[in-house]
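Student: I would be grateful for a close look at one part of this structure, the packing of a pair of helices.

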Amino acid sequence: MDSDALNTFLVVHRRGGISNAAKVLHRSQPAISRRIALLEEELGVPLFERIAGRARLSDAGRVMVPYAERAVAAAQDAEHAVRALLRDNSGPVALAVTGTLAGGRLSKVIKRFARQHPDVDLTLRTATSGEVSDLIRRGEATIGLRYDRDRSGELDCEVLSAETLQVVCAPDHRLAGRRVARLADLRDERWIAFPEVPGRRDITAAHVFALFLTHGLGEIDWTAVDSLTAQKRLVEAGLGIALLAQSHAAEEMRAATIATIRVGNLAASHEIVAVTRRGGFLSAASRRLLEILRADFGKTRPTSTSRRNGVRRA
């Protein structure tokens, strides 16, 4: 059982069939089928079942997935470690980032890194916080940037900073620039927030709704919007208010297209966390990127009150 066979198995699983896997791996369908057949013969059990024209995992296949992911990731670590001996500041670095963190600050980090390491092939993927951890765990990304810690023993998490959350509204909103005593005083407003998708826990959405519940806003009028940019445009248009991190609306605040509502009993923040695979290999370039992320994202720290009173998790 070699890493290539295990990787082929994982690609067939993730792509839902032999034909799609063949396109991704740039091999013929018979070659992929033969690779899977040899792996199944070696194990003595079928790994896939054909259901509605798609390759679905058998019970044995489901058991195999996490072990295959770890084995493939370890093989990639070994390859990267050996290649790093040849050229210290070259090779691939894959960065996975929660979508709402892929803003101006991250652009500056990437620009700085690319200028210092022109020979490094840096790739960027955006995902939810949970998906970022999965990409790191499977070895598909080297460094992850997400909200909140991942409690998995397979990952190392380093809190870089925490961003204070604030209520934002249109500049002509009746409460723009004013203060209310409690978040519950805004229960009659229409809120704009990220949706909670069944089966895919998103830290940002869960955190916001946890704050709503904690502060007495269990039943509210709200609109689900899965894009940060779209949320801000709706707020600017006066179609609702939102609870956003300060950096998310910094540009609009400078342009005076969005205003804030100060809330007396709201002291909450999102932790920004760097994630790497525990025991995984980090090249010199990867370590340098992590240093830049620490230096830049570590500049923003919440007040002690925010750290003490902020609701961290759903």
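Student: How many helices and strands does the secondary structure of the chain come to? Please then describe how helix α5 and helix α10 pack.

Tutor: This is a predicted model, in which local features need pLDDT of at least 70, side-chain atom pairs count only at pLDDT 80 or more, and totals for chains, interfaces and linings use all residues. Residues are numbered from 1 along each chain as its sequence is written, and side-chain values use heavy atoms, with hydrogens and water left out. The chain has 11 helices and 12 strands; helices (H or I, at least four residues) and strands (E, at least two) are DSSP runs, numbered from the N terminus. Of its 314 residues, 46% count as buried, that is, under 20% relative accessible area with a 1.4 Å probe and protein chains only.

Two packed helices are described by the angle between their axes and the distance between the axes. Helix α5 covers residues 104-116 and helix α10 covers residues 284-297. Their axes lie 10 Å apart, and the packing angle is about 145°. Axes are lines fitted to C-alpha atoms, for helices over the stretch in contact, and angles run from 0 to 180 degrees between N-to-C directions. The crossing of α5 past α10 is right-handed: the near helix is turned clockwise from the far one by less than a right angle.

The residues that meet can also be named, a contact being heavy atoms within 4.5 Å. From α5 they include Leu106, Val109 and Phe113; among those from α10 are Leu289, Ile292 and Leu293. In the chain, 77% of the contacts with a separation of 6 or more are between residues 24 or more positions apart.

Note on methods. Buried means under 20% relative accessible area, exposed over 50%, partly exposed in between (1.4 Å probe, protein chains only).
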